[in-house]
Amino acid sequence: EIMPSLVGSEMCIRDSFWREYTMSMFNKIVEYASRQLEIPAEEITRDTTFESLGVDSLDIVEMTMDFEAELGVELDMEGMNISTFGELADYMDDRLS
């Protein structure tokens, strides 16, 4: 029998790990945008929209193709409604899991 307090602790550890894992994907995207699109990293949060920073659909396609090559996974975003850097990080994490 698992004690309720133990379950809560395990869940906290798992949630913390997941946030760190997701954040690392987000950080990769920020680094990419900073390097390739010349957007200052401090201007990008999870809620920052691509549109607000002048990132157009061609930039997003190029970024997606670069991450596909780096991660070895197909990121088919056709029909996806992804408008923020955080949504892109979450989508990429989902594709990798």
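1. Accessible areas here come from the Shrake-Rupley method with a 1.4 Å probe. On that basis the accessible surface of the protein, which is a predicted model, comes to about 6700 Å², and carbon and sulfur atoms hold 52% of that surface.

2. As to overall architecture, the protein has 3 helices and 0 strands, so that, by the DSSP runs used to assign elements, the order read from the N terminus is α-α-α. Of its 97 residues, 29% count as buried, and among the contacts with a separation of 6 or more, 59% are made by residues 24 or more positions apart.

3. The length of helix 3 can be checked against its geometry: the helix covers residues 85-96, and its 12 residues, at 1.5 Å a residue, should span 16 Å, whereas the C-alpha atoms at its ends are 17 Å apart, which agrees with the expectation.

4. Which residues of helix 3 are buried? They are F85, G86, L88, A89, Y91, M92 and D93.

5. T84 counts as buried because its relative accessibility is 11%, the cut-off for buried being under 20%. Leaving aside residues up to four places away in sequence, T84 touches R46, D47, T48, T49 and F50.

Key. Residues numbered from 1 in each chain as written. Predicted model: local features only at pLDDT ≥ 70, side-chain atom pairs only at ≥ 80, totals over all residues. Heavy atoms only, no water. Helix = DSSP H or I, 4+ residues; strand = E, 2+ residues; numbered from the N terminus. Expected span 1.5 Å × (residues − 1). Buried < 20%, exposed > 50% of the residue type's maximum accessible area, 1.4 Å probe, protein only. Contact = heavy atoms within 4.5 Å.
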